[in-house]
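Subject: Structure handover and notes

Hello,

Here is the structure you asked for. Please open it alongside this message.

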Amino acid sequence: MIRKISKVISVFMLIGCLGFTVPVWGAEQVVTKPGSITYEMQDIQVQYAAEFTAYPQAMVGKPSVSKSVYDAVYSDSAKPLQVLYGVVKLTMPTGYSFTEEFISVTDGVNIARGLSNGGGPIYNLNNQVRGQNTEFVTGKKLTDKSVVKDYSDGWKTIRLTRKWDDYANPIDFTISFKWDLVGSVDSFFQKLTETSYVIDLTTLRHKGANQAVQR
């Protein structure tokens, strides 16, 4: 399974579709697409990766995409998702390095990706950290060794919620989706926003330090 994860990451980096959060400093250029900005990176290294399966639990909203449009591409029921989560180290031309979390979800045909844009810890009743929320935005993408920001398809977010016990064992992972419906039609992502998902921790496979899951 570790070989599988490594292979997935290699393909991920080659096709240049991860999303990234980038500081305002660095080599900033306006790319050909209006409204897009790119930041050049000196080096990109994946430090940790985990994959698991998320299963649909319940509808969370009324479908806003017509049944005929959706059924032409997907089945009427939400499908399980394969989730790839990890931590990547980015090095800028100045030599400054920092880490970001990335995520990818796919139903086997369609895919959505993003990189961390915010979040925070989850506390128990004793004010001890026992979880983490991370929000990922799909409008930040990696092309070769450049990070591109492009929000022309709206503000699409993927939220990963992780909880663990007193011994740092994962006990409850969920994933949810939001979209402001701006931009081109995306029936796949729209369906994601209408469904709640719970991650099956028995499917968790990872490569790298265990504590990276708890960032």
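The notes below cover the salt bridges and a few residues around them.

This is a predicted model, in which local features need pLDDT of at least 70 and side-chain atom pairs count only at pLDDT 80 or more, while totals for chains, interfaces and linings use all residues. Residues are numbered from 1 along each chain as its sequence is written, and side-chain values use heavy atoms, with hydrogens and water left out.

Salt bridges

By way of background, side chains of opposite charge can pair when their charged atoms come close. The whole structure has four salt bridges (a side-chain nitrogen of Lys or Arg within 4 Å of a carboxyl oxygen of Asp or Glu). Three of them are described here.

One of them joins Arg 162 to Glu 101, with 3.3 Å from N to O. Because Arg 162 is in strand E10 and Glu 101 is in strand E5 (residues 97-106), this pair ties together parts 61 residues apart in sequence. Strands (E, at least two residues) and helices (H or I, at least four) are DSSP runs, numbered from the N terminus. Arg 162 and Glu 101 are both buried; buried means under 20% relative accessible area, exposed means over 50%, and partly exposed is in between (1.4 Å probe, protein chains only).

Glu 135 and Arg 159 form another salt bridge, with the closest N and O atoms 3.7 Å apart. Glu 135 sits in strand E7 (residues 129-137) and Arg 159 in strand E10, so parts 24 residues apart in sequence are tied together. Arg 159 has a relative accessible area of 31% and is therefore partly exposed.

Asp 186 and Lys 156 also form a salt bridge, the closest N and O atoms being 2.7 Å apart. Asp 186 is in the loop between strand E11 (170-179) and helix H3 (187-193), whereas Lys 156 is in strand E10, 30 residues away. Asp 186 counts as partly exposed because its relative accessibility is 22%.

Lys 156

Lys 156 belongs to strand E10, which covers residues 156-164. Its relative accessibility is 8%, so Lys 156 counts as buried. Beyond its neighbours within four places in sequence, Lys 156 has contacts (heavy atoms within 4.5 Å) that include Phe 136, Trp 179 and Phe 189.

Gly 119

Gly 119 is in strand E6 (residues 111-123) and counts as exposed because its relative accessibility is 57%. Leaving out residues up to four places away in sequence, Gly 119 touches Asn 133 and Thr 134. Gly 119 and Arg 159 are 40 residues apart in sequence, with 8.6 Å between their C-alpha atoms.

Regards
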